[in-house]
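Biologist: I am new to this structure. Please take me through some of the labels and show how each one was reached.

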Amino acid sequence: MANPLSLFLFLFLNVAAAPRGGADGPDPCAGRRIHIRRVPPRFNADLLRHCGADAFPLADASAAATSAPPCESLANHGLGPRTHPRSRSWYRTDARLLEPFFHRRVLERGCLADDPARADAVFVPYYAALDALPYVLDPVLLDASARHGAELAEFLARDQPRILARRRGHDHFLVVSGSAWDYAQPPGAEPRMWGTTSLLRLPELANFTFLTLESRIWPWQEHAIPHLTSFHPASLPHLRAWFARARRSRRSTLMLFAGGVSRPSRPNIRGSILAECANRTDACAVVDCSGGKCSHDPGRYMRAMLKAKFCLEPPGDTPTRRSTFDAILAGCVPVFFEDLAARSQYGWHLPPARYDEFSVHIPKETVVFGGVSVAETLEAVPEAEVRRMRKRVLEMAPRVVYRRHGSTDELRGAVKDAVDLAVDGVLRRIRRRTRAQEEVRLERIYAMEDDSVET
């Protein structure tokens, strides 16, 4: 297991070893150079020490029951322990560790620039979700949650201020392992809402691009990237072997719901699904993930998903779900009940124009208030169409995979994964904004344009 200090040293000592663009012929790094901002370890590596503190545990939710060692989620550079000793690609991954994992992957890419003046983008390796833990878990610090990220902002403005001033922050980006809603509480809100901070409301960071697991629709400063799953292949044969298994899996269940099973106090889509599944046990399977049962046990739900034709993805506390990406990896056709669940979120990874090819949309209002049966709707889909959608969803699946760090050149050359596409997307967005700055077209800097393709 890697301890926080050794992980920190590994990350930063290996910056110098990262490949750079070649000097001869066309520049392969033109428009793609990233400078990784040097920040004190209190903003990243030191935060991993929270996992060993009684007040802010980062250990698995099941640790108390299983006597799992604290900090076991830090194994394999943040991927967590393997699901079993012979596992090559599956890990008990803690989604809160997306930030150090993404940092590790950025360090591996080519086209890194030591000189920020030569960089097209600046990556800030701040582990924001981990830094938020004291504010969201300690009642004493609740009233101070508006300060989340303020020390980082002050450091960036004070240390080598020319880096930030060069493009007024429009070329900066960072990753936040959580929903944007959890970091967007107005700074002056009284009383403070438990479980949220004001990171995205800090004026000093207003021009940064935030990569979040779920975005708000109207702010232009953030973009959603796929939730972290437990599948992290390190080679192309491992990737292909899993998808071959998903393709040939016999699917005897019409539809599956994996999630919390507590009945809501008022009518909503999740309650309607649970009621229908209780009445249609011949067509619907339910995997109970209440109380974090599925958080670090992918076998609990992936085996069921491999046997299902459709996976139901109703919104919960927020519109998006990690289960959506688990379903895609399993070749289980996702069924959405609102566009906010995915279509309007993950344009860099799942093109909005293609959703009808690999998913089903049933408006939640028609189910909750209109008497529409989810099972009957899905039973009406011709089997040939189901097979076609399954083929398309598995074609999309590599785009939402977070491959393992240190993966083979063959895999990296054959497939662009979730990190690759996120970096491509943020570079496109930064190019558009900095070009608008240079042309003094300020309205285009803040435009809510589709940047899923180069313009």
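Biologist: Why is tryptophan 181 called partly exposed?

Modeller: In this predicted model, tryptophan 181 has 40% relative accessibility. Buried means under 20% and exposed means over 50%, so at 40% tryptophan 181 counts as partly exposed. Tryptophan 181 lies in the loop between strand 3 (172-179) and strand 4 (209-214).

Biologist: What makes the nonpolar surface patch with Trp181?

Modeller: Trp181, Ile217, Trp218 and Leu340 make that patch, which covers about 410 Å². Patch residues need over 30% relative accessible area, and tryptophan 181 has 40%.

Biologist: Why is tryptophan 220 called buried?

Modeller: The relative accessible area of tryptophan 220 is 18%. The limit for buried is under 20%, so tryptophan 220 is buried. Tryptophan 220 sits in the loop between strand 4 and strand 5 (222-224). From C-alpha to C-alpha, tryptophan 220 is 9.6 Å from phenylalanine 210, and the two are 10 residues apart in sequence.

Biologist: How do you know that strand 8 is largely enclosed by the rest of the structure?

Modeller: Strand 8 has six residues and six of the six are buried, so the strand is largely enclosed.

Biologist: How do you know that strand 8 pairs with strand 9?

Modeller: Two strands pair if there are at least two bridges between them. Four bridges join strand 8 (residues 308-313) to strand 9 (residues 333-336), and these strands run parallel. Phenylalanine 310 stands opposite valine 333 in strand 9, and cysteine 311 stands opposite proline 334 there.

Biologist: How many bridges join strand 6 to strand 8?

Modeller: Three bridges join strand 6 (residues 253-259) to strand 8, and the two run parallel. With at least two bridges required, strand 6 and strand 8 pair. Methionine 255 has phenylalanine 310 in strand 8 as its bridge partner.

Biologist: What makes strand 7 and strand 10 edge strands?

Modeller: The open sheet has five strands in the order 7-6-8-9-10, with parallel pairing. Strand 7 (284-288) and strand 10 (360-361) each pair on one side only, and are the edge strands.

Biologist: Which strands does helix 14 touch?

Modeller: Helix 14 (residues 383-396) packs on the sheet and touches strand 8, strand 9 and strand 10. The direction of helix 14 makes about 70° with that of strand 8.

Conventions. Residues are numbered from 1 along each chain as its sequence is written. This is a predicted model: local features need pLDDT of at least 70, side-chain atom pairs count only at pLDDT 80 or more; totals for chains, interfaces and linings use all residues. Side-chain values use heavy atoms; hydrogens and water are left out. Patches are made of residues with over 30% relative accessible area and no salt bridge: like charges are joined within 9 Å, nonpolar side chains (Val, Leu, Ile, Met, Phe, Trp, Tyr) within 5 Å. Accessible areas come from the Shrake-Rupley method with a 1.4 Å probe; for residues, only the protein chains shown count as cover. A salt bridge is a side-chain nitrogen of Lys or Arg within 4 Å of a carboxyl oxygen of Asp or Glu. Buried means under 20% relative accessible area, exposed over 50%, partly exposed in between (1.4 Å probe, protein chains only). Contact means heavy atoms within 4.5 Å. Axes are lines fitted to C-alpha atoms, for helices over the stretch in contact, and angles run from 0 to 180 degrees between N-to-C directions.
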